[in-house]
Amino acid sequence: MATTSNLFMLSLTVQPPSSTTQVILGQFSGTREQQLIIGSGSRLTLYRPDTHELKVKEVLSHDCFGIIRALSAFRLAGSNKDFVIIGSDSGRIAIIEYVPAENRFHRIHLETFGKSGVRRVIPGQYLAVDPKGRACMLASIEKNKLVYVLNRNTQAELTISSPLEAHKPQTLVFAMVGLDVGYENPIFAALEVDYGDSDTDPTGEAFRNVEKQLVYYELDLGLNHVVRKWADTVCRTANLLFQVPGGADGPSGVLVCGEEHISYHHSNQDVFRVPIPRRRGVTEDPERKRYITTGVMHRMRGAFFLLLQTEDGDLFKLTFEMVMGPDKKPTGRVARISIKYFDTIPVAVGLCVMKSGFLFAACENGNHLFYQFEKLGDEDEEEEFTSDDFPADYRAPYKPVYFNPRGPENIALCQTIDAMNPQIGCQVANLTDGDAPQIYSICGTGARSTFRTLKHGLDVLEIVESVLPSMPQAVWTTKTHRDEQFDAYIILSFANATLVLSIGENVEEVTETGFLASTNTIAVQLLGEDSLAQVHPRGIRHIRAGGEINEWHAPHHRTIVAATTNDQQVAVALSSGEIVYFEVDATGSLAEYEERREMSQTVLCLSLGPVPEGRVRSSFLAVGCQDNTVRILDLDPSRTLENRSVQGLTSQPHSLSIMSMVDSSSGGSSLYLHIGLHSGVYIRTVIDEATGDLIDTRTHFLGPHPVRLFRTSVKGQPTMLALTSRPWLAYSEPQTKALTLSPVNYHNIEWGWSFSSEVCPEGIVGIHGDYLRIFTIEDLNKNLSSESIPLSYTPRGFVKHPEYPLFYVVESDVNVLSVATRQKLISDSGVTNGDSTVLPPENFGYPRGRGHWASAIQVVDPVAQKAVLHSIELEENEAALCVAVTAFHDYGDEQFLIVGTGKDVVPVPRGATCGFIHVYRFEEDGRKIVFHHKTRVESPPKAMIPFQGRIAVGIERDIRIYDLGKRQLLRKAQAAPAVAHMVMSLATQGNRIIAADMKESVTYLVYKPQSNRLIPFADDVIPRWSTNITMIDYETTAGGDKFGNFWLLRCPEKASEQADEEGDGAILVERNYLHGTAHRVGLVAHFYTQDIPLSIQKTPLTAGGRDVLLWAGLQGSLGIMVPFVSREDANFFQDLEHHMRSTAPPLAGRDHLIYRSYYVPVKGVIDGDLCEQYLTLPREAKENIAGELDRDITEVERKVQEVRMRAAF
């Protein structure tokens, strides 16, 4: 298959996956502070808990370009820093460390042990580490186990040995953990099943009698080999192992978790067993058994406990009681184990308990949660169950135990971290009539399902909203002394007055400040140590610390039209075009420079940069003139106000700002000139500090209004606030240090300034009409904000109303009791088995019932009310599966909502009693839907789409076209069969329908009105397990499959023309080829995304941007494919990608080219995420790559950043 293409696209990630593989806790910075590392897909993310703000903050996110299968933290003896071991699909073991000084992950060791990929015999699925950091075991699902010895060399550097084998053929591993044995030889425990006899027994008797064993593997450090030390038979339902502290902290050994029970095992201890309590409740099945799905062990001084979670989300606290010796001190023998209900939280993949008293839950679906412990549940009234009351033998009968679930008592929720997995679908639409469209997504499962609105922008936290007596024009804040930590005054400028407010416990007006209150103000500045300057149209008022006031008056018949200040300099522009320059002298007075600079044009704006540390003045003054130019004037004493450089603009400058910001290309900081134009364009250029030349100019359209610029500070770094039709912020991206421009999701403020007080140390004060607003920007790592609307059940599909800003979501959950069944159980007192309290399903889930379906259709308003407006519950065990809105010609193009459902659906093996197609009418401008009728079909529909005033429906292998009748839908045409297995998705243009098959890629069909036939005329030669498709143009289709591939297929031009010829299409039917259609589609592009694309859409994402392909993945990913316009750009990024593969290979050891070609060689797509890692490289590596590309660093970075800025965010 050819891997070259005449079409090239750049793949970029808009939002990384949020589905968590594993979460680990450790001291990765080498300090006493603990951090979290979360593995999601191919990405490692480091979080730092903030115990003061009670939240976790993202520090670093790194794409490893490989599937992360397992993570584990370890620490060498005597060290104060934790390292990380990664088990991935690279066939290698990788050991990395976090380097806080450079904020990056550094790979220490990479050892190859086998083939790449996720195979059942390739180690990497299970990873266990000795608690003392002496060794680790890496295991595969079947047969292979490798043990590595971890040590130090003479230079105190971490070393890793050659692997020691502990293979056992025909053995399946279900769980693995390292035992805590102190400083004895390391021991690893595994749950294993030997299927050797079952494999050779055709009767099945050996399989029925097979035993699951708990096996200990000991690493003999003296002899340097691994032996199978001990084995014990456990219950066949055992699925998880948990380490029990050993040495001086506990008895050592493991907890084995199985169906309905937890047992303690160790080679020199008795077996103890406790049951997993079941829920009491009116709607609970008293016979349903539970499993433990995750848990965590936490050590305290002199004690430890385990928190274990079931698939319902219930947390149980398990504790050990030791046998006491004659001296009243605990011996190493276990007396009993006890379990009791702790609290209930959403089901998690991993739990982490921190020493600072917090619990982090990486949830299986939906948002991750950060809790604080309020108590440990030792003194509550919950019933405790001990091993004394239950037999140790797992085969012995026992009486189940029950508990009453309740609201949280022991932990309190502090923070919710946004996560969008599983993401079922997304659509792009501009429903708010803003500058850029929004992304609307459905995600989550069960009662934690949400409808999300995603907008490009930074989230803010509003501190103050206050109404002012009239509408101000400008606002400033200032200190009264340079050494003060917080601002003292807020100064408001009105049309003909100035108001001064003091900042303290109460904000109130003050008059004895020295400010001239009878005129409007142009600028305010703290000068020198403790004096203030007020610039107004008639002059400058210099207010000294002792109350002395010095005035500088503007010449007669002239006024000040623009001004700029810093703490040592003042420059003003007069209406005559003159520039007057002042400096603070040694006595603290404001001294005017002898000569004034006359400009040939009217001056519109000025800017002085802040005074660099260790210097007495800023070197440059920027002047914006009416002739569409910006000039840089020198402020050196020997050539003051001399012209250094000039730059032409496309329109008049409206605002200027010079400031020093971190620069990714230089590795330090650069002096930037920010320019806001009347046309709404923002320009950022770099001032060469040696020559004053303007270099590296970049532009961005912000909005239709003139751009005002203000210097602010966010998270300790200088930022630029740009105000136009909406606010924007220019800042250095925390990880790449590249200058980034993002909108701020807040009111359209007209003026802004930095603000600092005890309540808000780092905020922004702004004017919005007659409102004074103070707010802070929360996080610079995340420039995609989301709003959530809760849904009832797991969403299966959604569709937008063609005219109104409303969405219709179909939802269904399997093995969940419907509302009617729940109400019947509650009302029927004879069925109750406990308390009748109904618990909130968001935390406790819905009551379970095997074979039951709960389903609903909901109307969502994401713009005005931001809530669910109307909901219809489906009855008779129906499940809503797909939805569409179509206008039927025979009904005057009236819009109807069409919903496909299945009755008594069985997901595996696939089956159903029948299917239905429901038709609903819209009422109240779409805010309400009313049932019209439904049509019974033999199988549940899986896909539907409007087609020429009718509806095209995919039912199993068939595609049918229905028209609306009075009592049911009327079948008008049918392609039977249209595909080989099942129609999963449909797309259409003109007379053409594209059908995606569950296993066999896509089929192109044409509708012939003359013969009323649907005729397949082109299909694929490669089986693709399609999930979703969309038509890019009349011949080209984009799609994704269940293995994580994104592809573009194109119908041959001759075949397309032949299919559209007049006639009944008989020639297309007669020319079938090799049990397929007459023609074959060609592969245009192919790319492995490492997520399952469930939605693909061709759309622009920015104001005035070109079309891109936006895809949404099951794990919560959002990505775009940006087509290249020129071959030159494609060649540049191809070369850059090639050099990045060799210069910065993936962290976990996976070969990048092989990774992106997981199932099919990559074709026509360049990995933009890899190219963007160029921004994070050391300067020497950047220079080497730039030299190979015959460009400089700035030019390479510019091209990399501009692609994302122009196409997305």
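**Group meeting: a walk through a predicted model**

Let's start with Ala 175, which counts as buried because its relative accessibility is 5%. Buried means under 20% relative accessible area, exposed over 50%, and partly exposed in between, with a 1.4 Å probe and protein chains only.

A word on the source. This is a predicted model, where local features need pLDDT of at least 70 and side-chain atom pairs count only at pLDDT 80 or more, while totals for chains, interfaces and linings use all residues. Residues are numbered from 1 along each chain as its sequence is written, and side-chain values use heavy atoms, with hydrogens and water left out.

Back to Ala 175. It lies in strand β15, residues 171-178. Helices (H or I, at least four residues) and strands (E, at least two) are DSSP runs, numbered from the N terminus. Beyond four places in sequence, Ala 175 contacts residues including Tyr 126, Leu 191 and Leu 241. Contact means heavy atoms within 4.5 Å.

Next, Ser 449. Where is Ser 449 found? In the loop between β35 (438-443) and β36 (450-456). With 0% relative accessibility, Ser 449 counts as buried. Its side chain reaches the backbone oxygen of Tyr 793 at 3.0 Å. Ser 449 also touches Ile 789, Pro 790 and Leu 791, among others.

Now the cores. A nonpolar core is a set of buried Ala, Val, Leu, Ile, Met, Phe, Trp, Tyr and Cys residues joined through side-chain atoms within 4.5 Å. In soluble globular proteins, nonpolar side chains tend to be buried together. Here the largest nonpolar core has 46 residues. Which residues touch the most other members? They are Ile 439, Leu 1101, Ile 1120, Phe 1133, Leu 1136 and Tyr 1174. Another core, of 40 residues, lies apart from it, with Leu 501, Leu 526, Phe 710 and Val 765 among its members.

Last stop: residues 1179-1206. UniProt, in an unreviewed entry, places a "coiled-coil region" there. Such annotations may be inferred rather than shown by experiment; positions use the numbering used here, and feature names are shortened. In the model, that stretch is 86% helix and 0% strand, with end C-alpha atoms 26 Å apart.

Look at helix α10 (residues 1179-1188) and helix α11 (residues 1193-1207). Their axes come within 9 Å and cross at roughly 85 degrees. Axes are lines fitted to C-alpha atoms, for helices over the stretch in contact, and angles run from 0 to 180 degrees between N-to-C directions. So α10 and α11 are roughly perpendicular, a label for 65 to 115 degrees; under 35 is roughly parallel, over 145 roughly antiparallel, and the rest oblique. Arg 1179 and Ala 1186 are among the α10 residues at this meeting point, with Val 1196 one of those in α11.

Conventions: A polar contact is a pair of N or O atoms within 3.5 Å; within protein, one must be able to donate a hydrogen and the other to accept it, and residues adjacent in sequence count only if both atoms are side-chain atoms.
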